[in-house]
Amino acid sequence: AEIRRRNFVQPEEFPYDVGLVFQDGLPTIYDSGNYQAGLEQALEMIGYDNFREEQRAARDRGQFLGVGIGCYVEGTGIGPYEGAHISIDNLGEVHVATGVSTQGQGHETSFAQIVAEALSVPVEKIHVTTGDTNRFQWGTGTYASRAMVVAGNAIGLAAEAVKEKALKVASFVLEAAPEDLELVDSSVRVKGFSSRSISLAALSIVSNPIRYSYGAQAADLPAILPTRPGSPLPPGEEPGLDAVRYFSPQHATFASGVHAAIIEVDIATGIIKIRKYVVMHDCGKLVNPLIVEGQIYGGVAQGIGGSFYERMDYDDNGQLLNANYMDFLMPYATEIPHIEVDHIE
């Protein structure tokens with residue numbers, strides 16, 4: 001622990017140029033972090049200061065304990081870009097499309113949360129499509145822990161653009177300056193006057209004048225609209241409540257963390273038992289803590305499997321001898337300990 005303390009990049013040294021080229025072809029520059037704070041937090045979680053006493057007492061009982069610390073920095077959010085298209089239909093449903101594909105990481109949930117916060121719309125009214133070139137043609141892919149940083153920012157930018165457009169259209173309908181309006185509960189209203197409001201569904205219709213007489217939400221349209229000559233769209237605006245935006249990071253961003261474990265080894269058999277396992281994790285802002293922790297649990301389980309159980313066994317002719325799960329030793333839930341996780345944002 002002391003060796004690590006003395007060798008960490010210090011907070012005042014960021015951004016820190018490592019002097020190597022990263023996988024995106026750009027310089028490896030650690031943008032931010034507080035590695036020592038993470039270490040101290042993990043040491044407290046594992047009970048590091050009291051461990052030697054616990055170790056000596058266990059040795060007197062014939063038990064052999066060891067403590068291990070692993071610190072890491074992980075590059076994430078590499079470019080070159082991702083994009084997103086967001087549109088609101090005349091029922092107030094929000095449709096989000098982005099080029100990144102998904103393999104079960106919970107993208108639909110996390111991306112929907114970003115849009116829900118920006119547009120003040122319930123998550124259940126947001127429909128996310130990933131990796132479908134019929135819906136969105138341009139994208140780079142899901143790899144290297146990049147989806148939330150790159151696609152998430154593109155979705156955030158698109159959501160803010162839709163919000164700005166909704167406020168512009170609503171300013172015409174409600175006869176108020178955009179800065180005097182706010183988005184609340186799927187509607188735009190005049191600040192301090194909840195009675196002067198219009199739903200996003202109705203605004204979707206207003207933003208495309210040809211639809212004034214169509215759709216279930218037509219009754220929500222203010223009576224003043226039929227008497228207004230001309231288009232309600234601000235100059236230069238396109239019809240519809242939608243926007244396309246891209247995000248292209250200038251360089252990767254870097255997460256960090258510390259894992260610590262107390263292990264008991266049966267000296268006679270070599271069998272190990274994980275007595276305690278803790279993770280201190282800093283990935284920046286947690287959009288969905290449940291999803292983040294689920295990925296940490298899975299990563300730790302995979303690491304335990306690779307370290308102690310899983311092995312590809314070949315004979316002298318290169319024939320794989322354990323190609324099925326009868327012979328390939330994977331850890332079950334019984335081999336994976338309770339994992340204590342904490343975060344620095």
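## Briefing on a predicted protein chain

Helix H4 (residues 107–119) has 13 residues and spans 18 Å from first C-alpha to last, close to the 18 Å expected at 1.5 Å a residue. That expected span is 1.5 Å times one less than the number of residues. Helices (H or I, at least four residues) and strands (E, at least two) are DSSP runs, numbered from the N terminus.

This is a predicted model: local features need pLDDT of at least 70, side-chain atom pairs count only at pLDDT 80 or more, and totals for chains, interfaces and linings use all residues. Residues are numbered from 1 along each chain as its sequence is written, and side-chain values use heavy atoms, with hydrogens and water left out.

**Confidence**

- The protein chain has a mean pLDDT of 91, and 92% of its residues reach 70 or more. pLDDT is the predictor's confidence in each residue, from 0 to 100.

**Helix H4**

- Buried residues of H4 include His 107, Phe 111, Ile 114, Val 115 and Leu 119. Buried means under 20% relative accessible area, exposed over 50%, and partly exposed in between (1.4 Å probe, protein chains only).
- Ser 110 also lies in H4. Ser 110 has a relative accessible area of 7%, so it is buried.
- Beyond neighbours within four places in sequence, Ser 110 is in contact with Met 148, Val 287, Asn 288 and Ile 291. Contact means heavy atoms within 4.5 Å.
- Ser 120 follows H4 and has a positive phi, near 55°.

**The four-stranded sheet**

- Four strands form an open sheet in the order E3-E11-E12-E13, with mixed pairing. Two strands pair if DSSP finds at least two bridges between them.
- Strands E3 (64–76) and E13 (339–343) stand at the edges with a single partner strand each, so one side of each has no neighbour in the sheet.
- Neighbouring strands of this sheet are turned by 15° against each other on average, direction ignored. Axes are lines fitted to C-alpha atoms, for helices over the stretch in contact, and angles run from 0 to 180 degrees between N-to-C directions.
- Strand E12 (residues 272–282) and E13 run parallel, joined by five bridges. Met 280 stands opposite Asp 342 in E13.
- Helix H2 (residues 35–46) lies across E3, E11 (253–265), E12 and E13, at about 145° to E12.
- Helix H3 (residues 48–60) lies across E3, E11 and E12, at about 145° to E3.

**The E1–E2 hairpin**

- Strand E1 (residues 16–21) pairs with E2 in the antiparallel sense over three bridges. Tyr 16 has Tyr 30 in E2 as its bridge partner.
- Five residues lie between the two strands, and Gly 25 in this hairpin takes a positive phi near 85°.

**Aromatic pairs**

- The count comes to six aromatic pairs. Rings of Phe, Tyr and Trp (its six-membered ring) pair if their centres lie within 6.5 Å; planes under 30 degrees apart count as stacked, over 60 as edge-to-face and the rest as tilted.
- The ring centres of Tyr 81 and Tyr 246 are 6.1 Å apart and their planes lie at 65°, so this pair is edge-to-face.
- Tyr 81 sits in the loop between E3 and strand E4 (82–88) and Tyr 246 in strand E10 (residues 241–247), so the pair ties together parts 165 residues apart in sequence.
- Tyr 81 is partly exposed at 23% relative accessible area, and Tyr 246 is partly exposed at 38%.
- Phe 8, Phe 14 and Tyr 35 are linked into a cluster by ring pairs.

**Backbone details**

- The peptide bond from Phe 14 to Pro 15 is cis, with omega near -5°. Pro 15 lies in the loop between helix H1 (2–7) and E1.
- The bond from Gly 79 to Pro 80 is also a cis peptide bond, and Pro 80 is in the loop between E3 and E4.
- Asp 185 is not a glycine but has a positive phi of about 50°. Asp 185 lies in the loop between strand E7 (181–184) and strand E8 (187–190) and counts as exposed at 63% relative accessibility.
- Ser 186, in the loop between E7 and E8, has a positive phi near 65°. Ser 186 is buried, with a relative accessible area of 15%.
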